[in-house]
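Subject: Structure for you to look at

Hello,

Here is the structure I promised to pass on. Please open it next to this email and follow along.

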Amino acid sequence: MTTHPSDTIGTTRAAAADRLTIFVDAVIAIALTLLALDLPIPHGDTTDAMLSSVSAHGKEYIAFALGFVVIAAHWRAHHEIFPYVRSLSSRLISLTLVWLFMQVLMPFATRVITADGAFPLRFSLYATVQVLASTSFALIIREIRREHLYRTDGPPRVFAQSLTRSVCLAAVFGLSVPVAFLTGNPWTYLCWLAAPIALAIARRVQDRRPSDGCRHL
């Protein structure tokens with residue numbers, strides 16, 4: 001039985017997409033490891049002393065939990081999209097590397113945001129990393145759709161939902177940067193609460209759209 005050249009090419013392209021996914025998983029694992037490396041170890045000879053040490057480093061522990069959730073959310077978004085990718089383009093690979101750079105930079109940005117002094121700058125660095133991560137992922141989805149790199153059986157709605165989510169997150173984090181410089185206090189964190197609200201509104205708008213309209217990528 002002979003193998004058609006187009007079948008061989010298709011298999012090779014699919015294998016390349018799978019290798020990229022494996023590489024992404026490995027980099028995300030490294031990013032999560034870097035996030036945990038600088039966690040302060042509580043000290044104390046008594047239970048009260050140990051609890052006091054934990055309380056003293058509470059800011060670092062909360063930042064770690066936030067960083068873990070954020071990186072995991074970015075990875076989950078990637079995990080939802082790439083099973084439907086059948087082939088790669090050079091632009092898609094480049095955009096994925098940019099997105100991965102943001103993931104690896106996130107542990108550093110998380111440590112910066114827990115430091116002392118210059119709150120607007122520290123806050124803006126973290127928010128800017130989130131903006132770039134969300135924007136690069138939105139461009140990834142756009143490239144997949146524009147170049148038809150998805151499998152024919154892939155549900156277009158997944159791409160539309162992920163694209164909307166990325167745009168909303170980039171907008172919320174982007175708007176929080178000028179607010180940080182205008183207010184100059186930690187209350188700016190409340191801006192990020194607008195993210196789930198914006199996502200809920202966008203999801204309702206998408207749900208009201210006819211399903212046929214989502215089939216045309």
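In which helix is the place of Phe-159? Phe-159 sits in helix 6, which covers residues 156-183. Helices here are DSSP runs of H or I with at least four residues, strands are runs of E with at least two, and both are numbered from the N terminus.

Two notes on the source. This is a predicted model, where local features need pLDDT of at least 70 and side-chain atom pairs count only at pLDDT 80 or more, while totals for chains, interfaces and linings use all residues. Residues are numbered from 1 along each chain as its sequence is written, and side-chain values use heavy atoms, with hydrogens and water left out.

Back to Phe-159. Is Phe-159 buried or exposed? Phe-159 counts as buried because its relative accessibility is 0%. Buried means under 20% relative accessible area, exposed means over 50%, and partly exposed lies in between (1.4 Å probe, protein chains only). Arg-145 is 14 residues away from Phe-159 along the chain, yet their C-alpha atoms are separated by 8.0 Å.

The whole chain

The protein chain has 7 helices and 0 strands. Its pattern along the sequence reads α-α-α-α-α-α-α. Of its 217 residues, 37% are buried. Now take contacts, meaning heavy atoms within 4.5 Å. Among those between residues at least 6 apart in sequence, 77% join residues at least 24 apart.

Helix 5 has 28 residues. From its first C-alpha to its last it reaches 40 Å, close to the 40 Å expected at 1.5 Å a residue. That expected span is 1.5 Å times one less than the number of residues. Helix 5 is mostly covered, with 20 of its 28 residues buried.

Look at the loop between helix 4 (90-113) and helix 5, where you will find Ala-118. Ala-118 is not a glycine, but its phi is positive, at about 50°. Ala-118 counts as partly exposed because its relative accessibility is 48%.

Just after helix 5 comes His-148, with a positive phi of about 55°. His-148 lies in the loop between helix 5 and helix 6. This residue is also something other than glycine. With a relative accessible area of 42%, His-148 is partly exposed.

Ile-113

Ile-113 belongs to helix 4. Its relative accessible area is 10%, so Ile-113 is buried. Which residues is Ile-113 in contact with, leaving aside its neighbours within four places in sequence? They are Arg-122, Phe-123, Tyr-126, Tyr-189 and Trp-192. Ile-113 and Phe-123 are 10 residues apart in sequence, and 5.8 Å separates them in space, C-alpha to C-alpha.

The pockets

Rolling a probe the size of a water molecule over the atoms shows where empty space is left. The search uses a 1 Å grid over the protein atoms alone: a pocket is an open set of points where a 1.4 Å probe fits, with protein on both sides within 12 Å along at least five of seven lines, and lining residues have an atom within 4 Å of a point. Grid points are joined across faces, edges and corners, and a volume is the space filled by probe spheres set on the points.

The largest pocket holds about 520 Å³ of space. It is lined by 20 residues, and the closest to its centre are Val-70, Ala-73, Leu-169, Phe-173 and Leu-199. Helix 3 (58-81), helix 5 (119-146), helix 6 and helix 7 (194-208) each give two or more residues to this lining. Helix 3 gives the most, with 8 residues. By class, the lining has 13 nonpolar, 4 polar and 3 charged residues. Here Ala, Val, Leu, Ile, Met, Phe, Trp, Tyr, Cys and Pro count as nonpolar, Asp, Glu, Lys and Arg as charged, and the others, Gly among them, as polar.

The second largest pocket has a volume of about 180 Å³. Its lining includes Ile-113, Arg-122 and Tyr-189. Helix 3 and helix 5 each supply at least two lining residues. Helix 3 has the largest share, 4 residues. The lining divides into 8 nonpolar, 1 polar and 2 charged residues.

Cysteines

A disulfide is a pair of cysteine sulfur atoms within 2.5 Å. The count by this rule is 0. Cys-168 is buried, at 16% relative accessible area, and Cys-191 is partly exposed, at 24%.

Best wishes
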